[in-house]
Protein chains: 2
Amino acid sequence: MSTPRTPTIGLFGLGAFGRLILRHLGPHFPLTVHDPVHHDSAPPERAAACDIVILAVPVAAMAETCAAIAPHLRPGTLVVDVGSVKIEPARVMQQTLPAHVQIVGTHPLFGPQSARDGITGRNIAVCPVRGRAHLRIAAFLRRVLGLRVILTTPDAHDREAAVVQGLTHLIARVLVEMEPLPGRMTTASYARLMEAIDMVRGDPPGVLAAIETANPHARPVRDRFFATAAAVARRFESGDAGGEDQRRRSRRALIG
Amino acid sequence: MSTPRTPTIGLFGLGAFGRLILRHLGPHFPLTVHDPVHHDSAPPERAAACDIVILAVPVAAMAETCAAIAPHLRPGTLVVDVGSVKIEPARVMQQTLPAHVQIVGTHPLFGPQSARDGITGRNIAVCPVRGRAHLRIAAFLRRVLGLRVILTTPDAHDREAAVVQGLTHLIARVLVEMEPLPGRMTTASYARLMEAIDMVRGDPPGVLAAIETANPHARPVRDRFFATAAAVARRFESGDAGGEDQRRRSRRALIG
């Protein structure tokens with residue numbers, strides 16, 4: 001009887017997130033990295049021939065990357081993506097990758113900025129796409145990396161991410177464009193809001209594009225945010241910011 | 001020679017913030033509290049006859065409160081308000097209170113929620129309105145309560161608060177009205193945003209009304225937020241969420 005061999009990992013993409021993967025998976029697996037920007041990285045055929053292939057490329061580059069690696073993937077290989085949306089990458093991988101590979105979509109709900117002090121306890125969404133490899137992936141992420149694994153579907157993921165990331169990044173983007181913002185006369189809630197912005201302001205533009213435009217649920221959520229905001233602002237403009245209640249109170253607060 | 005007597009404090013209003021004042025000033029000063037809702041509280045004339053009178057009433061009730069206490073204030077009394085805006089209360093106190101009292105506007109930039117674990121290191125804005133009593137007030141707030149005192153003018157205060165509080169409370173109000181929001185598949189930045197909301201969601205409606213409608217700078221800031229948001233959303237809708245940059249990258253990321 002032979003002990004099971006540690007699987008080899010082929011990592012495509014050495015952007016900010018690729019480097020984070022390298023840091024956290026490097027101690028556990030032999031990694032072969034390909035990134036066309038890094039001329040000394042491994043040739044793509046070699047990275048594609050590993051047991052597990054991780055696609056850490058922008059969502060917009062997913063189709064081209066899949067087409068390019070497809071001929072080099074061996075039977076039984078597991079292909080995993082880490083994109084911020086899941087419907088579109090799952091569809092692309094499903095359509096482009098050969099039937100003899102398994103597919104799992106993942107979305108680590110953290111980035112280089114928010115994972116600076118470690119990733120233990122952070123969330124990761126895992127979506128089975130083809131085959132049952134998501135089970136051992138989830139077990140590894142939980143037991144070895146200490147992540148909180150959320151098993152979900154690409155559609156349920158994108159629906160929730162449209163609020164969690166879509167709204168947060170929209171608000172952050174708007175506030176960043178309104179800078180300089182006050183930094184002296186601050187409240188605790190404003191300080192939390194500024195922390196939220198600082199965590200996402202450094203994200204590469206591709207992340208914002210994926211979150212806001214490659215998620216079909218993002219626009220309806222944005223539209224609802226704007227409609228609600230307009231209704232709230234109209235109440236403020238008409239002097240009623242919970243105003244009726246307020247006037248009742250002040251009459252009661254009258255002295256004498 | 002007599003040692004200076006500890007000044008007496010008359011507190012008007014026992015709402016959430018009045019109770020916070022009671023908790024933090026009670027150990028240092030003899031307090032006389034008046035609140036018409038509490039029938040067993042002191043009569044207003046007695047609270048108004050103290051050395052320092054603190055008005056912890058809604059901004060909308062400031063004019064009526066000032067008119068009611070004016071006849072009972074003794075020469076040399078210091079009147080202090082704690083409202084979330086400063087231009088309007090300063091104007092009202094200036095116009096309504098007798099010339100023989102001193103006036104200081106303050107805005108403690110914390111509330112019962114955000115001060116739950118103490119107020120040390122929290123911010124408080126102090127605006128001199130009439131007389132020089134702001135100097136000993138600021139010294140007390142710094143040395144005894146450990147607050148970070150920001151000496152400013154009512155106009156400079158309201159200008160900064162229009163962003164710090166106006167935007168934060170607007171965003172919080174909109175998100176609260178969009179509830180239920182996801183709570184499972186969260187990111188660190190989204191968690192910070194939710195914390196910011198939770199800190200202000202319990203504020204009495206009068207606070208929101210003051211912040212959004214009694215601050216003349218709030219509406220222009222809101223308008224700028226909406227204009228910026230609309231421009232950002234238009235870029236998303238046209239597929240350009242930093243998209244140009246993104247497409248350039250993905251072409252470069254092509255394999256082979």
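**View 1. Glu212(B) and its polar partners.** The side chain of Glu212(B) pairs up with the side chain of Arg222(B) in a polar contact at 2.9 Å. Keep in mind that this is a predicted model. The Glu212(B) side chain also gets to the backbone nitrogen of Leu170(B), at 3.4 Å.

**View 2. Who sits around Glu212(B).** Glu212(B) belongs to helix H8 of chain B, residues 205-213. With a relative accessible area of 2%, Glu212(B) falls under the 20% cut-off, so it counts as buried. Leaving out residues up to four places away in sequence, Glu212(B) touches Phe236(A) from chain A, plus Gln165(B), Gly166(B), His169(B), Leu170(B), Ala218(B) and Arg222(B). As for Ala162(B), it is 50 residues from Glu212(B) in sequence, yet the two C-alpha atoms are 7.7 Å apart in space.

**View 3. Helix H6(B) crossing helix H8(B).** The axes of H6(B), residues 154-177, and H8(B) come within 9 Å and cross at roughly 125°, which makes H6(B) oblique to H8(B). The crossing is left-handed. On the H6(B) side, the contact uses Gln165(B), Gly166(B), His169(B), Leu170(B) and Arg173(B); H8(B) brings Val207(B), Leu208(B), Ile211(B) and Glu212(B). Sorted by class, that contact comes to 4 nonpolar, 3 polar and 2 charged residues.

**View 4. Helix H5(A) and its cover.** Over in chain A, helix H5 (residues 134-143) has His134(A), Ile137(A), Ala138(A), Ala139(A) and Leu141(A) buried. The cover over these buried residues includes four strands of chain A: E4 (78-81), E5 (102-108), E6 (123-130) and E7 (148-151).

Terms used. Residues numbered from 1 in each chain as written. Chains lettered and ligands numbered in written order. Predicted model: local features only at pLDDT ≥ 70, side-chain atom pairs only at ≥ 80, totals over all residues. Heavy atoms only, no water. Buried < 20%, exposed > 50% of the residue type's maximum accessible area, 1.4 Å probe, protein only. Helix = DSSP H or I, 4+ residues; strand = E, 2+ residues; numbered from the N terminus. Contact = heavy atoms within 4.5 Å. Polar contact = N/O pair within 3.5 Å; in protein donor to acceptor, adjacent residues only side chain to side chain. Axes fitted to C-alpha atoms, helices over the stretch in contact; angles between N-to-C directions. Parallel < 35°, antiparallel > 145°, perpendicular 65-115°, else oblique. Left-handed = near helix turned anticlockwise from the far one by under 90°. Nonpolar A, V, L, I, M, F, W, Y, C, P; charged D, E, K, R; others polar.
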